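Have a look at the structure first, then we'll go through a few of its features.

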Amino acid sequence: MKTSMLVPGRPWSLGERLFAGTGALWTLGTAGYGLWWAYFGYTKYGLAAAALWPRPYLLASALGALLTLAYAFPRWRRARALWRLTPQGISPGPRQPTIPWKEVQGLVTDFAPHHQRLHLLTAKGRWQITPVPQAIRQALSYLQVQLYPHLAARWRQTWEQGQAIPLGRWLAWPNGMQIGRRHIPWQEMQRLHLAQGHLVIELAHRSFRQPVHRVPNAALFIRWLYQEGHP
């Protein structure tokens, strides 16, 4: 494992480039057409026509510019994002302060078919990391290595105090898992694992599941549970 790691943002996809390019062409085309009507109206009928005739096209151009910017700006920021991961913490940008690992409360993975994102939960908010596809697994591995000691100590203390560890809609108690109003002792569970983007509890005759992107630290909790907890 590297002592530090740079995670560049995900570049524009072909579809995003085409959509933004189409918006830019629409904006320039309608503006140019409106200016032509202004010139034509001025040369033929004077200032009144020059002010009135191009108005619909200039309004359409302004609307196109606003929609294109609203679509393109967040993608431009995402592509320029550069996260620095170090043993001391994580920095979300060159001008952003480093967030110590002990202040990170959760790691959420969201691996949908068309995007792959990591979210870090802190007391100050939620940070989204959208790296290039080639870096997503390496970044996830680095984050898990750095976060596990802090989360394990936190979970250990929580159970020593007799409290529950939240897992999305579920609660993990020292003596079992609570799902809604039902309490399932650890001894009745055949397996707790990740499968097809879900956190799954398998019993003898049924199973419970919830999407893993709704469960912070799902993979790390399973690791801790079987190493130190009460599987």
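By class, how many nonpolar, polar and charged residues does the lining of the second largest pocket have? It has 11 nonpolar, 5 polar and 1 charged, where Ala, Val, Leu, Ile, Met, Phe, Trp, Tyr, Cys and Pro count as nonpolar, Asp, Glu, Lys and Arg as charged, and the others, Gly among them, as polar.

## Ground rules

This is a predicted model, so to speak of local features takes a pLDDT of at least 70, side-chain atom pairs count only at pLDDT 80 or more, and totals for chains, interfaces and linings use all residues. Residues are numbered from 1 along each chain as its sequence is written, and side-chain values use heavy atoms, with hydrogens and water left out.

## The second largest pocket

Back to that pocket: its volume is about 260 Å³. A pocket here is an open set of points on a 1 Å grid over the protein atoms alone, where a 1.4 Å probe fits, with protein on both sides within 12 Å along at least five of seven lines; lining residues have an atom within 4 Å of a point. The volume is the space filled by probe spheres set on the points, with grid points joined across faces, edges and corners.

Of the 17 lining residues, Thr109, Asp110, Phe111, Leu194 and Val212 sit closest to the centre. β5 (104-112), α4 and α5 each give two or more residues, and β5 gives the most, with 6. (Helices are DSSP runs of H or I, at least four residues, and strands are runs of E, at least two, numbered from the N terminus.)

## Strands and a hairpin

β1-β2-β3-β4 is the order in an open, antiparallel sheet of 4 strands, with β1 (5-8) and β4 (99-100) at the edges. Two strands pair if DSSP finds at least two bridges between them. β2 (82-86) and β3 (89-91) have 3 bridges, and Arg84 partners Ser91 in β3.

Elsewhere, β12 (191-195) and β13 (198-202) pair antiparallel over 5 bridges, with Leu192 opposite Ile201. They form a hairpin with 2 residues between them, and Gln196 in the turn has a positive phi of about 55 degrees.

## One salt bridge

The whole structure has 1 salt bridge, meaning a side-chain nitrogen of Lys or Arg within 4 Å of a carboxyl oxygen of Asp or Glu. Arg156 and Glu228 make it, at 2.8 Å, N to O. Arg156 lies in helix α4 (136-160) and Glu228 in the segment after α5 (218-227), so the pair ties together parts 72 residues apart in sequence.

Arg156 is partly exposed at 34% relative accessibility, and Glu228 is partly exposed at 38%. (Buried means under 20% relative accessible area, exposed over 50%, partly exposed in between, with a 1.4 Å probe and protein chains only.)
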